[in-house]
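This report looks at nonpolar cores and at one helix packing. The structure comes before the details.

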Amino acid sequence: MELNAVVDWFDANARDLPWRHPGTTGWGVLVSEIMLQQTPVARVEPIWHAWMARWPVPSALAAETPGEVVRAWGKLGYPRRALRLHEAAGVIAAEHGDVVPADVDTLLGLPGIGAYTARAVAAFAYGRRAPVVDTNVRRVVARAVNGEGEAGPPSTTRDLAEVEALLPAADAEAARASAALMELGALVCTARSPRCVDCPVLSTCAWQRAGRPAYTGPSKAPQRFAGTDRQVRGLLLDVLRGSAEPAAKSRLDQVWPDPGQRDRCLDSLLVDGLVEQTTDGLFALPGEH
C-alpha cells in the first residue's frame, strides 16, 4: 500500500473533529475514544464538548458520583463505558498526577482500557508509533493489502502485526499514518458502497487488481436494536436519569410490557453497577441514594 498517498489524502480531507485540534489533552482524546466505541461521531461530538467543559481533567470526573456520570452519558449507548471511564479517571488522578499516561503498557493497566484504546491514545494524543486497529483500519488492510472484500473475524495478534508492518519508523509519521488509515476506512473504503474512485490508493489496491471479488468468509449478523435487552435497559435507565429521587419498581414497570424481559434487564443493570437498590426497595443510579 502507498501509505504516503493515504497520508497526503488525509491532510487534504480529514474531518475537523474537536479532539484532533491542537492543544487537546490526553484526557480529551481518551474521553473521545471511549465515547466513539460503537457510537457515530455526530452523536459523540456535542456530548464530548459538554463533558470537557464540565470535567476538563480526570480528577474532576472522579469527584462526581457514578450516577451523575451515567446521567451525563445520555443517549450514547453502552453506558458501562461511562462507569469504566469514571473508574479510570480516579486511577489517573490518584496514580498519574491527573495526566493520562502516554505509554501503551501503562494505559493498558487502567480500568476498562483495552488494546485499541491504549494505542489510540498513545498515537493520537502523544504522537507515538502504535498500530491502531479498528473496524475501518481492518477493512482498508483487507482490501488494499490482502485483496479481500472484508476483513473477516478479528485476530488481535494478526491485525496488530499487519498494521505495524505498514507504519513508518518515526513516531510522528506513524501516528499520522494511523489516523489516515482510520479516516480512509471511515469516509472512502466503507463497508457498503465504497467510494473507490475517490481512493488515493485505487491504482495499487489489491482488491481492485483482483477484480473486487466478493467476500466469501464468515459474516457477522447485523445487530438489531428494537425489542432487545439493550433497548429495555436503556428505557429503564432513562427513568432514573430523569428522576431526582430513587424510583419505585412500579415506575420502572411502565417502560416495557414483558415482565420477564423487564425484570431480567433490571437485574442485569444491578449486576453491572448501573443501578442500585435502596434499603427500602427503590431504585437509583449508583451513588444517588
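## Cores and a helix pair

The largest nonpolar core holds 32 residues. Such a core is a set of buried Ala, Val, Leu, Ile, Met, Phe, Trp, Tyr and Cys residues joined through side-chain atoms within 4.5 Å; buried means under 20% relative accessible area (1.4 Å probe, protein chains only). W27, L30, V31, M35, W51, L61 and L85 have the most contacts inside this core. Two or more residues come from each of the elements tabulated here.

| Element | Residues |
|---|---|
| helix 2 | 26-36 |
| helix 3 | 41-54 |
| helix 5 | 66-73 |
| helix 6 | 80-95 |
| helix 7 | 104-108 |
| helix 8 | 115-126 |

Helices are DSSP runs (H or I, at least four residues), numbered from the N terminus. Helix 2 gives the most to this core: six residues. Another core, of 27 residues, lies apart from it and includes W9, F10, V163 and C189.

The model is predicted: local features need pLDDT of at least 70, side-chain atom pairs count only at pLDDT 80 or more, and totals for chains, interfaces and linings use all residues. Residues are numbered from 1 along each chain as its sequence is written, and side-chain values use heavy atoms, with hydrogens and water left out.

Helix 8 also packs on helix 11 (residues 171-187), at about 120 degrees with axes 8 Å apart. Axes are lines fitted to C-alpha atoms over the stretch in contact, and angles run from 0 to 180 degrees between N-to-C directions. Y116, A123 and F124 of helix 8 meet A175, S178, A179 and M182 of helix 11, where contact means heavy atoms within 4.5 Å.

Terms used: Buried means under 20% relative accessible area, exposed over 50%, partly exposed in between (1.4 Å probe, protein chains only).
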